[in-house]
Amino acid sequence: IESPAIRVTCTGSCRVSNKANDSAWVVEESYFNSALSLADKGSLPAGEHSFPFQFLLPATAPTSFEGPFGKIVHQVRATIDTPRFSKDHQCSRVFYILSPLNLNSIPDIEQPNVASTTKKFSYKLVKTGSVVLTASTDLRGYVVGQVLRLQADIENQSGKDTGPVVASLLQKVSYKARRWIYDVRTIAEVEGAGVKAWRRAQWQEQVLVPALPQSALPGCSLIHVDYYLQVSLKQPEAVVTLPVFIGNIAVNHVPLSPRPGPGLVVPSAPPQEEAEAVASGPHFFSDPVSLSTKSHSQQQQLHAALGSVPHGAPEPHPQDGSPAPHPLPPPLCISTGATVPYFAEGSGGPVPTSSTLILPPEYSSWGYPYEAPPSYEQSCGGVDPGLTPGS
């Protein structure tokens with residue numbers, strides 16, 4: 001029988017829209033576009049026929065990505081030409097590219113990640129005080145499945161107790177449409193107790209880095225991904241922000257003096273009468289106390305990762321309606337906060353979106369060992385031996 005021409009094309013591009021989940025692209029960037037002719041017009045016997053082909057992908061092609069305001073898509077499309085005025089037969093298949101980000105290629109990635117701020121405030125109408133908030137992490141870059149160890153040092157130089165301390169891992173995705181659009185969301189959040197008057201306190205916690213797109217998306221100029229660790233006090237309001245890089249190849253530098261993790265933290269809250277005596281005057285304690293953790297957004301995920309799950313056993317379902325935890329490897333991250341895109345210019349206010357968290361495709365098993373961080377209660381010797389670290 002007569003055979004029409006068969007063509008295949010391989011394309012890679014980035015498309016950005018002004019509106020969330022809108023298919024009308026306002027900006028597009030192409031990375032490669034190759035075409036092959038597998039068969040010219042001629043005769044072709046009845047039956048199934050295979051036409052092998054291959055394309056050479058450029059090394060500069062960026063990692064696949066999909067978000068509410070844009071996406072980086074790589075796909076192969078096959079077309080069978082049909083007679084004039086007839087619709088061509090087409091099919092396409094999206095494939096994923098991972099362009100690994102080596103964290104060791106980032107300048108100063110091995111330098112300490114520390115930020116500090118001092119907040120002065122008034123209380124009881126006539127009294128003034130200040131609080132010094134210092135946050136640090138053991139590294140500046142992490143890979144999926146790695147543990148981010150954070151530490152907050154707080155000096156409460158006042159006679160008033162502070163509010164809770166909160167640490168949030170934030171993701172900021174920038175889209176370059178007609179104007180820059182920023183999509184910011186909370187990936188994980190952990191809250192610690194407040195600091196008593198005239199006290200120095202130290203808070204240590206761990207966050208398991210979930211499955212996230214890599215930082216920057218090298219090779220793409222329309223979409224940029226940034227991560228931050230934000231540590232804040234609610235009262236008085238004090239905030240420090242640490243930039244964090246998420247990559248695919250871990251930092252090969254071992255910190256010279258790693259801080260002890262929560263497994264070595266021992267609660268040392270002062271007796272009530274001692275706290276009351278301190279509050280009566282501006283006497284500052286030199287030895288810092290350890291703060292306890294009040295809540296952790298990754299708590300259910302940590303329980304699933306730390307506890308042994310029998311093969312073939314059904315996954316537990318929490319009672320509060322939140323997503324069920326998964327056995328190892330750790331589950332994809334579930335956002336704990338609402339998505340609020342905001343614009344760099346213009347008078348339009350923030351517009352919440354209902355899109356899910358931006359996640360990369362499953363590329364295969366990651367090379368870094370999965371190690372779940374214990375909660376504060378677990379690190380202090382919880383009642384459940386199945387949830388102790390190292391089980």
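Here are some notes on a few strands, residues and ring pairs in this predicted model.

1. First, some ground rules. This is a predicted model, so local features need pLDDT of at least 70 and side-chain atom pairs count only at pLDDT 80 or more, while totals for chains, interfaces and linings use all residues. Residues are numbered from 1 along each chain as its sequence is written, and side-chain values use heavy atoms, with hydrogens and water left out.

2. Let's start with Ser130, which sits in strand S9 (residues 127-137). Strands here are DSSP runs of E with at least two residues, numbered from the N terminus. Is Ser130 buried or exposed? Ser130 is buried, because its relative accessible area is 10%; the cut-offs are under 20% for buried, over 50% for exposed and partly exposed in between, using a 1.4 Å probe and protein chains only.

3. Next up is strand S14 (residues 200-208), which is mostly covered, with seven of its nine residues buried. Strand S14 pairs with strand S11 (residues 147-157) in the antiparallel sense, over nine bridges. Two strands pair if DSSP finds at least two bridges between them. One spot to look at is Asp153, which stands opposite Gln202 in S14.

4. S14 has another partner to check out: two bridges join S14 to strand S17 (residues 289-290), and these two run parallel. Here Ala201 has Val289 in S17 as its bridge partner.

5. Ser290 also belongs to strand S17. With a relative accessible area of 23%, Ser290 is partly exposed. The C-alpha atoms of Ser290 and Arg200 are 8.9 Å apart, although 90 residues separate the two along the chain.

6. Now for the rings. Rings of Phe, Tyr and Trp (its six-membered ring) pair if their centres lie within 6.5 Å; planes under 30 degrees apart count as stacked, over 60 as edge-to-face and the rest as tilted. The count by this rule is four aromatic pairs. One of them is Phe53 with Phe55: the centres are 5.7 Å apart and the planes are at 70 degrees, so this pair is edge-to-face. Phe53 is partly exposed, at 39% relative accessibility.

7. Why is the pair of Phe69 and Tyr175 tilted? The ring centres of Phe69 and Tyr175 are 5.5 Å apart and the planes are at 50 degrees, so the pair counts as tilted. This pair links distant parts of the chain, 106 residues apart: Phe69 is in the loop between strand S5 (65-67) and strand S6 (70-80), and Tyr175 is in strand S12 (residues 165-176). Phe69 is buried at 3% relative accessible area, and Tyr175 is buried at 0%.

Note on methods
Helices (H or I, at least four residues) and strands (E, at least two) are DSSP runs, numbered from the N terminus.
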